[in-house]
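Dear colleague,

Please find below the structure I promised to pass on.

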Amino acid sequence: MTFKEMILEGIPDVLPPKRERNENLSHAPKRKEILSAEEKKLAIKNALRYFDKKHHELLAQEFYAELEAYGRIYMYRLMPDYKITARSIDEFPHRSKQAAAIMLMLSNNLDEAIAQHPQELITYGGNGSVFSNWAQYRLTMKYLAEMTDEQTLVLYSGHPMGLYPSHPNAPRVVVTNGMMIPNYSKPDDWERFNALGVTQYGQMTAGSFMYIGPQGIVHGTTITVLNAVRMKKDRDASKLPIFVTSGLGGMSGAQPKAAVIAKTIGVVAEVNPKAACKRHEQGWVDEVHPDLDELITRIHRAVEENKPVSLAYLGNIVDLWERLVDEDLTVDLGSDQTSLHNPWAGGYYPVGYSFEESNDLMANDPAAFKAAVQATLQRHVAAINKLTAKGMYFFDYGNAFLLESSRAGADIMQADGTFKYPSYVQDIMGPMCFDYGFGPFRWVCASSDPKDLDTTDQIAAQVLEEMLEHAPEEIRQQISDNLLWIKQAKANKLVVGSQARILYADAEGRIKIAAAFNKAVKEGVLSGPVVLGRDHHDVSGTDSPYRETSNIYDGSKFTADMAIQNVIGDSFRGATWVSIHNGGGVGWGEVTNGGFGMVLDGSAECDTRLTSMLHWDVNNGISRRSWARNDGAMFAIKRAMEIEPRLKVTIPEIADDELLDSVVK
């Protein structure tokens, strides 16, 4: 069968031979034993819904074996024989170009070069799923191949509910992931309902088909590190700063590349040998050192050479931190990007255990594993506290480090009940970027032709150069940083998987760049459509009190109106697909986030859609941040209203603190 025929087959009538996992790939750890015997029957019964009854006897035994061995039913038998990758849009069978573009994006999320645990359909973060099982993948691809521009595919946490009549201006796909009744959104609820096959954790861009490999976060990390260095005004500017952190997985793998781009000496710990090897082979980390003594010697040499370099330590981050406390080294910046949103299921590993021993403990003695993790967090924080006392600037990088450390009883709280250290959004990304509307705008060339990506880089750079000529002082630094980024993007070899690029831009920049792309498609300057999107980690897309909205101080950071309003507004303003998720970044039950994708095909209709939707997608969040009395956002929304007279936003009046002190005593 050809590739197109295999897609159109969907779930085959004749089952393919049983397949074993490829042990050369990274796999999800065995999940927590949480289902009762009756619930296990229900999980198998749920999985069998996808198959003709003639296969039930065989598959029931097979699915039970998977459930016992891995804690989930992945349906490995149904893994396709073809390579899953971001092919050119025309290689996918389709009746709708928009649907074909979604197939490209979805496939990129499951590419073995991209995905953290590809055979478990997990893109990043330890549990960030595209689908829960391979039947869902096959059926979704079939529906996308068959659908027209007068249908919409509805996905319930990975399950393709079906195709429904709609119209050309409606989204082609609507995605929800992990949406729960609030009282059933605790970590064990996820374990149970995910094991039953009725919900999934879509992370952010995993379950919304907008992941573009580690490039997707390397830019934000570069911006964060650049500005963190700028904040340390007392350091010797002639010497490169040392930046120490952890994690080389799906998202965290961007850190060493960003450290070098930002001209630092980056040191990153990683416990998973396969993850460290993968990033080294891809050129995202310069060196891997399994011996701590050798690593320390290499750091000293890097300081003497004073050249940017990224060094990976194959070991536990706590061992590294504790050694650095005793070393004659000035660590300027510190952070953490382990998957602490998922601390009990492979997101964070305890010190004193090998990677294999940790996985065994996790599966067979969850209580002991949890205790070991919490004891490790206590040591982790203790070492960081000693280094910050010496002058290191430490920031939480949005992975729930502060939150889980506090729950572990670590010395992470101040006397007033707040955290000792800021989220990077509080100090850097919020006031410097999000409040002004700058966030992780991205695009993918659907032709999968590197020449098209080069052309889009040139177009985007030209737009930013023109904007910089007239930009107000408040946003000149942001535009300048991004102009430099896009000019250096090709040389930095950021592409892994789809021909994609990320760029922090405000509403004006996004609209102008998108319009220029659409014109280039229309005129044949680009050989195929362009897919627009963004990370959910953006101005408007995410309500997350310990990350994206952590610099909201009016008491509303625990509300989720912004993210819900955003996805609704995007859906009727022209998005090709939309998604809304429970969980992402800092964990299940801790955040509501959403995203979109938009296909630019060169049409006049696209010009209308991109202007309307991108304007809303950014200014919704600026409005909320302005109402929270954030100075940058108040400036930005007033400027937006001057540019677009139809925009009318309620501006807050600022109450006098002395008045309030006199009233409330």
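The crossing of helices α2 and α3 is right-handed. Please bear in mind that this is a predicted model. Helix α2 covers residues 37-48 and helix α3 residues 56-70; their axes come within 10 Å and cross at roughly 130°. Angles over 145 degrees would count as roughly antiparallel, and α2 and α3 are therefore oblique to each other. On the α2 side, the contact involves Lys-40, Ala-43, Ile-44, Ala-47 and Leu-48. These meet His-56, Leu-59, Ala-60, Phe-63, Tyr-64, Leu-67 and Glu-68 in α3. By class, the residues of this contact are nine nonpolar, one polar and two charged.

The second contact is between helix α11 (residues 317-326) and helix α13 (residues 366-389), whose axes lie 9 Å apart at an angle of about 30°. That angle makes α11 roughly parallel to α13. The crossing of α11 and α13 is left-handed. From α11, the contact draws on Ile-317, Val-318, Asp-319, Trp-321, Glu-322, Leu-324 and Val-325. From α13, Thr-376, Arg-379, His-380, Ala-383, Ile-384, Lys-386 and Leu-387 take part. Eight nonpolar, two polar and four charged residues make up the contact of α11 with α13.

As to annotation, an unreviewed UniProt entry lists residues 84-210 as "domain: Urocanase N-terminal". In the model, the chain over residues 84-210 is 29% helix and 18% strand. The end C-alpha atoms of that stretch are 15 Å apart.

With kind regards

Notes: Residues numbered from 1 in each chain as written. Predicted model: local features only at pLDDT ≥ 70, side-chain atom pairs only at ≥ 80, totals over all residues. Heavy atoms only, no water. Axes fitted to C-alpha atoms, helices over the stretch in contact; angles between N-to-C directions. Helix = DSSP H or I, 4+ residues; strand = E, 2+ residues; numbered from the N terminus. Parallel < 35°, antiparallel > 145°, perpendicular 65-115°, else oblique. Left-handed = near helix turned anticlockwise from the far one by under 90°. Contact = heavy atoms within 4.5 Å. Nonpolar A, V, L, I, M, F, W, Y, C, P; charged D, E, K, R; others polar. UniProt positions renumbered as here; feature names shortened; annotations may be inferred.
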